[in-house]
Amino acid sequence: MFRQSKTFLSKLRCLSVLQRPKSISAAERALQYVVGQKIHGFTVREVTPVPDLFLTAVKLDHDVTGAQYLHAARDDSNNLFSVQFRTTPMDNTGVPHILEHTVLCGSQRFPCRDPFFKMLNRSLSTFMNAFTASDYTMYPFSTQNAKDFQNLLSVYLDAVFFPSLRELDFWQEGWRLENENPTDPSSPLMFKGVVFNEMKGVFSDNERVYAQHLQNKLLPDHTYSVVSGGEPLAITDLTWEQLKHFHATHYHPSNARFFTYGDLPLEQHLKQIEEEALCKFQRTDPDTAVPAQTLWDKPREDHVTCSLDPLAPDPTKQNTLCVSYLLGDITDTFEAFTLSLLSSLMISGPNSPFYKALIEPKIGTDFSSVVGYDGSTKQASFSVGLQGMAEENIEKVKCIISQTIDDIIATGFEEERIEALLHKIEIQMKHQSTMYSFTFSQYPVQLLKISENVARFRQCLQENPRYIQDKVQHYFKENTHQLTLSMSPDEQYVEKQSNAEQDKLQQKIQALSDAARIDIYEKGLQLLSEQCKTQDASCLPALKVSDIEPTIPRTPVQMGAAGGVPVQYCEQPTNGMVYFRAMCNLNTLPEDLKIYVPLFCYNNKLNGIFCCGEFDYRQQAQQMELKTGGMSVTPQIISDTADLDLYEQGILLTSACLERNLPDMFHLWSDLFNSPHFDDEERLRVLVMMSAQELSNGISYSGHVYAMTRAARSLTPAADLQETFGGMDQVSHMITQMWSSKLNIFPNIFPSESFNLCLEHPHRFFVIYSQVKFMKRMAEMTDLTSILRKLPRIKRHLFNPDNMRCAVNATPQKMEDTAVEVERFMGNITSLRKERKPVRPVIVEVMNHKPLDPRAPSGSAASRKLVSEARFKPCQMKTYFELPYPVNFVSECVRTVPFTHEDYASLCILGRMMTAKFLHGEIREKGGAYGGGARMGGNGLFSFYSYRDPNCSQTLAAFRSGVEWARDGRFTQQDVDEAKLSVFSAVDAPIAPSEKGLGLFLNGVSDELKQAHRERLFAVTHKNLIDVAGRYLGIGQRTCGVAVLGPKNENIKKDPSWIVK
């Protein structure tokens, strides 16, 4: 995976949440190490307690090779490992990226093909991946099972230090010339390869194009001047020999850093790493250090082009301009901390000077895609600018940026803003859901000492009231190493890219001799033969199904009531934080208002148009930052666990705060409920423009999610409701009908932060896509007062205690105080209570949980009021969206069964097994797509998908072949067991204290339902999988939808069975 880091700390989510009881903690045990102590070939260099994060950091060096090692000892059973190499390419061939893929394709001890993907199904890992950044490559994993940790460590060590690096794997993962049909020598030659197609997808996104150019041009002297992931056409210049040479010079322990985290003994890790890898190496001088960039004596300007954005609300405003400043070395940890804080003060939130100067005048639609502090390179940078602007405003924006810097130097920042930012840091320390891996910064332990950095920062301010202004003067006003980069669209950009690829292809072909053509054909057959072989994975270590815990850990909750509103209380070790949620259903909301719910939620989420009580929106935002960790409102559409034609529609209110700020948080909620003001049209316009721009940037990162959800729209009423929330056809109809005299309608998605997160929650991303279209159309409206008038009506229906249920997670010591504050909050909003009739005729009330205490107050049994759509009729639908991208996103969805159905577990296992044992080979290895597979969703839909896929029809055929493969039973019991391991690794993924009990609160999934599902998963047999494949997925037995997003496809356009958009 190619990753352009935004921070030099790589966050690995969902650690630090599960604890094992011990007489002495892992952090305390680690304090017993002594500087100079020898342990299995390593020497302890530093032992540092980090009380902020409840851990002890132990820093070591390997005596022979000089490899560096950092261990973070903490009472967390989700143990993590990563090994990282400094990789500094000097050309655009993407050699570190292709090497990252290829080392995972087999090694000396584990010579089978693709041990990495096979281990996904032979372990209980909670995380496995690999990343290529601008100057390093990282290989991390995490697991809660000690045996699994050792197994994965063996595979990872052998992969990176002793890979096979077969030429066939280079062809498959990197690039190759091959016949379009490998079995037909007369078919045309074309470029193929997983990374080749991945990077074509990456650079179809204008934001990524701009970010890459900005880094390359700001740091032009060394490795940052090239594309480490690979520029697609330059990739085709890389040779197998160059790949092997890069591994030999970069993948050595002397160029490596190791990191481990968790409660497993450090000695065990060191012993295994020494015996299996490091003992076979001697120290070398890797010569991979990145030299400091030579500083410029005067600022520079440059210009680049990009493709036209067909989703832009105004085609005449597609220019981007940004000024980027080179800052100091990231190894100065306190200076980096200070500059990061300074960046937030300058650009974050409506009170920041650059927000006021650049966003509020509506010169552009949003900040430039690269904005703020970036510590992902050896020397950090700060960037600020605008996108979605007219060309004639470029000079104006330059002047505004310069003037804003002068204003900051003159006036500084209000003390309250600084305190709000420091409060945010305190919240981040208390909120225990992440842990960090370290990169090539020199003193990473210092980065963990957050409280010390905060205290030092306060001291600097006390000693010099102009401390921050002096930093701005030095790094921005007096800094001559600054780049002003503009980007404008070129109507021929896509055509030029395509022509360049064809020219490069023809150059390669014309240079071929007849013998070389024959060789290409024969190698293509050889690769196809290898891809079709059944792989013997017996050399790989594996857990057994018997290693899986038979029962789930219980999450006790107590049910109560506050002002007649059901409240779920969940006592957890939240480290001084209180987490509050409220679900408000939409059942009484008139149909004509429902389309505006995403807008209503988006504006709340961003401290939007609401001026509450005595505060204007700036003051309201400031109070939220000072007193909470954030307050948000998000739309929710939740399928029932027992009936696919039932669903809940609502909005979810979410907030968190430090325990000392509990009354203030609920006071802010009371103001939001009781006294919001909906009268600032200009503020609404700014937020609509920002929303439209933000959400439309980056379809290439979530196209598979949109395809999956679009394919599902005709299969269940819950999926159909996504259209009501702003889907393309519904929105076009309504907006045209309502605003045709005021609105220029342009054709219209949203970059996912995590591929897997998208797959787990596709409905969330579809709502965002729908919101994109709606926001874009509204951005063109000349008068928004009619929209403003709708928002109070929505508020009256949604912020009604009669439609609410609440949940609180807090420590046992604070739960009583929290209950008092919830009661007071409900008392404050009781005037909003009003009985309203549901709009839909059939509402089914389903109990979430019975009160544990028979003496519990009335109303304490939480229920979900579900909408019944008995008249909904699932139907077949195939939709194709032609978009200006060089790759496809393909999906086929099938309506199956809900969560509590006896066949649901079998379909979950089938999806994982089909992905690993059939679709991965067909779609990725043979087809060259970056990803693809099948999964069973909680919404009762079985979904096939592909991601950054050069194919369309071939992939749809692979989906159908996968079903036949399963129906024919062409899999073994070992395949079934491996699929179970893979499913359980997700089922048993760590849950943060703040998230415990959330499944019961939102979905009604109790511990009893989870345990029943678990037992059904264990019981799935070979026969069950054949049965469900035929019963639900076979032709004639299924109701399915298909969606494709991708480049022009004449075959689909000619097929009358497709709806073409």
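Is Lys398 buried or exposed? Lys398 is buried, because its relative accessible area is 18% and the cut-off for buried is under 20%. Keep in mind that this is a predicted model.

Stay with Lys398. Its side chain meets that of Glu395 in a salt bridge, 3.0 Å from N to O. Both residues sit in helix α13, residues 394–411. They are three residues apart, about one turn of the helix. An α-helix has 3.6 residues a turn, so residues three or four places apart point the same way.

Now the wider count. The whole structure has 47 salt bridges. One of them pairs Lys147 with Asp547, with the closest N and O atoms 4.0 Å apart. This pair links distant parts of the chain, 400 residues apart. Lys147 is in helix α4, and Asp547 is in the loop between α19 (514–532) and β20 (558–562). Lys147 is partly exposed, at 41% relative accessibility. Asp547 is partly exposed too, at 27%.

Next, Arg581 and Glu995. Their side chains form a salt bridge at 3.3 Å, N to O. Arg581 is buried, with 7% relative accessibility. Glu995 is partly exposed, at 36%. There is also a network of salt bridges, which links Arg113, Arg166, Asp169 and Glu925.

Back to α4, residues 146–161. At 1.5 Å a residue, its 16 residues should span 22 Å. The end C-alpha atoms are 23 Å apart, so the two values agree. Of the 16 residues, 13 are buried. At the helix start, a side-chain oxygen of Asn145 comes within 3.0 Å of the backbone nitrogen of Lys147.

Another asparagine. Asn78 lies in the loop between β5 (68–73) and β6 (79–86). Asn78 counts as buried because its relative accessibility is 1%. Its side chain makes a polar contact of 2.7 Å with the side chain of Thr126.

Two backbone angles to check. Most residues other than glycine have a negative phi. His40 has a positive phi, near 50°. His40 sits in the loop between β2 (38–39) and β3 (42–50), and is partly exposed at 36%. Arg948 also has a positive phi, about 45°. Arg948 is in strand β33, residues 941–949, and is buried at 2%.

Last, a cavity. The second largest cavity holds about 60 Å³ of space. Its lining includes Leu219, Asp221, His222, Tyr224 and Lys378. By class, the lining has five nonpolar, three polar and two charged residues.

Key:
Residues numbered from 1 in each chain as written. Predicted model: local features only at pLDDT ≥ 70, side-chain atom pairs only at ≥ 80, totals over all residues. Heavy atoms only, no water. Helix = DSSP H or I, 4+ residues; strand = E, 2+ residues; numbered from the N terminus. Expected span 1.5 Å × (residues − 1). Buried < 20%, exposed > 50% of the residue type's maximum accessible area, 1.4 Å probe, protein only. Polar contact = N/O pair within 3.5 Å; in protein donor to acceptor, adjacent residues only side chain to side chain. 1 Å grid on protein atoms, 1.4 Å probe; cavity = no way out; pocket = protein on both sides within 12 Å on 5 of 7 lines; lining within 4 Å. Points joined across faces, edges and corners; volume = space filled by probe spheres on them. Nonpolar A, V, L, I, M, F, W, Y, C, P; charged D, E, K, R; others polar.
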